[in-house]
Amino acid sequence: MTLRLIRRNRSFRLLISGAAAANLGDGIAALALPWLATLISRDPFHIAAVAFAARLPWFLLALPVGVITDRADRQALMFRADLARVVLSFGIVALILGAPALPLADGDGSATRLIWIIAALAFALGTAEVFRDNAAQTVLPMLVEARDLETANGQIWSVEQVMGAFAGPPLAGLLIALALSLPFSFNALAFGLAALSVWAIAFPARVLPAIRTGFWVEMRDGLAWMFAHRIILQLAVMLGLLNALHVGAATFLVLFSQEILGLGAFGHGLILTAGAAGGVLGGLICPRIAARLGSRHSLRLALAVMPLSYLAIFLTSSAGVVAAGEFLGIFAGMLWNVVTVSYRQRFIPSAILGRVNAIYRFFGWGMMPVGALLAGVLVAQIEPGLGREAALRAPFLAASLGLAGMFLYGIGFLRLGRP
């Protein structure tokens, strides 16, 4: 079925191509941006600030972007967002070329200024991502039949994982070894290719609704629909907690790799690649798992596996074990996504899909900056009393315990409702 979608559906091929290029850029930035931050400062608040800024747009902008997505040409939104990321990537290149030689010495007075500039650029990149990703999830039902949504989502996410986390991080490590500005130059090229792919898609005609109510009235309509459907609302809240715990741990994985595992940029990229392998495998076989176990049992399985991945990382100093933990965690996350995204794409009416999808992601992704910030506070509070290593391990223990609590909650919740 996957091959049929790719071979016979040109628009779907272009959508996947755009996703591949955009996620290659995202994967390179996922390593290069925090690595750049660590060359400027190792203060946990500075590292957390960059992660916080990158994800803050999901909290601030997800709801209004949902209304815009329903009102506007979704293809144009995706195209313009990718072009914006081209410009912003070149902005980071200019910052690196104009900055003092890196890494900065401890106590360098320019560190705080540079960190805030990077955080501002990360915020702008995150803003473009909100527009692009929300529009991208709402266009898939326009390009494939409803019965193919699980397969199409699994295929797209497999490609995204291959490019964003399998190819992107080690490539970023190699490019950093050549020159610190190269990963961001490559990003600009990748986002440009994504924009061209989106521009070439032949979307079916979509009649934009006449704007007869105010912006906030339309947003309120989306919120009313969301709050009237308990299952989707609770899945969104659960996703928010899951993402907060994940991002809190992921924010300090770069320092964990450097200071506890003793890895360089390429080695850290391989750790992220191991996680990508879990995502690739998950994208290919999770639709089959969901079909065999059913949606409810699939979600329970995902919630059961997630705590184990972070517990393994907390307990080890082995790069191999950390890689295995990343593999398990991303695989479980892929299983969760295949079930829940397909469920809401099928269930939410097309006319309000943009708004409700954005509200869902407000709850689900809006908690990510909170997770990054709280992890920074946790590391900073623990380090003076227990030492640097214990502090860098703490976010992984917190994630494991929090996810175990989510598993216990999910057992009861998924017994009462569907999916």
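A residue counts as buried under 20% relative accessible area, as exposed over 50%, and as partly exposed in between. The exercises below concern a predicted model.

**Exercise 1. Classify Phe363 and describe the aromatic pair of Phe362 and Phe363.**

Solution. 
Step 1. The relative accessible area of Phe363 is 21%, so this residue is partly exposed.
Step 2. A pair of aromatic rings is described by the distance of the centres and the angle of the planes.
Step 3. For Phe362 and Phe363 the centres are 5.5 Å apart and the planes stand at 75°. Because an angle over 60 degrees counts as edge-to-face, the pair of Phe362 and Phe363 is edge-to-face.
Step 4. Phe362 and Phe363 belong to one aromatic cluster together with Phe59 and Phe227.

**Exercise 2. Determine how Asp82 is paired with Arg85 and with Arg132.**

Solution. 
Step 1. Side chains of opposite charge can pair when their charged atoms come close.
Step 2. Asp82 and Arg85 form a salt bridge of 2.9 Å, N to O. The two residues are 3 residues apart in helix 4, which means a separation of about one helical turn.
Step 3. Arg132 and Asp82 form a salt bridge of 3.1 Å, N to O. Because Arg132 lies in helix 5 and Asp82 in helix 4, this pair ties together parts that are 50 residues apart in sequence.
Step 4. Asp82 and Arg85 are both buried, and Arg132 is buried as well.
Step 5. A network of salt bridges links Asp26, Asp82, Arg85 and Arg132.

**Exercise 3. State whether Arg393 and Glu389 are buried or partly exposed, and describe their contact.**

Solution. 
Step 1. Arg393 has a relative accessible area of 10% and is therefore buried.
Step 2. Glu389, at 42% relative accessibility, is partly exposed.
Step 3. Arg393 and Glu389 form a salt bridge in which the closest N and O atoms are 2.9 Å apart.
Step 4. Both lie in helix 16 (residues 388–416), 4 residues apart, so about one helical turn separates them.

**Exercise 4. Identify the residues and helices that line the second largest cavity.**

Solution. 
Step 1. The lining of the second largest cavity consists of Leu36, Ile40, Leu95, Ile96, Ala99, Leu102, Leu114 and Ile118.
Step 2. At least two lining residues come from each of helix 2 (10–40), helix 4 (74–98) and helix 5 (111–143).

Notes:
Residues are numbered from 1 along each chain as its sequence is written. This is a predicted model: local features need pLDDT of at least 70, side-chain atom pairs count only at pLDDT 80 or more; totals for chains, interfaces and linings use all residues. Side-chain values use heavy atoms; hydrogens and water are left out. Rings of Phe, Tyr and Trp (its six-membered ring) pair if their centres lie within 6.5 Å; planes under 30 degrees apart count as stacked, over 60 as edge-to-face and the rest as tilted. Buried means under 20% relative accessible area, exposed over 50%, partly exposed in between (1.4 Å probe, protein chains only). On a 1 Å grid over the protein atoms alone, a cavity is a set of points where a 1.4 Å probe fits but cannot get out, and a pocket is an open set with protein on both sides within 12 Å along at least five of seven lines; lining residues have an atom within 4 Å of a point. A salt bridge is a side-chain nitrogen of Lys or Arg within 4 Å of a carboxyl oxygen of Asp or Glu.
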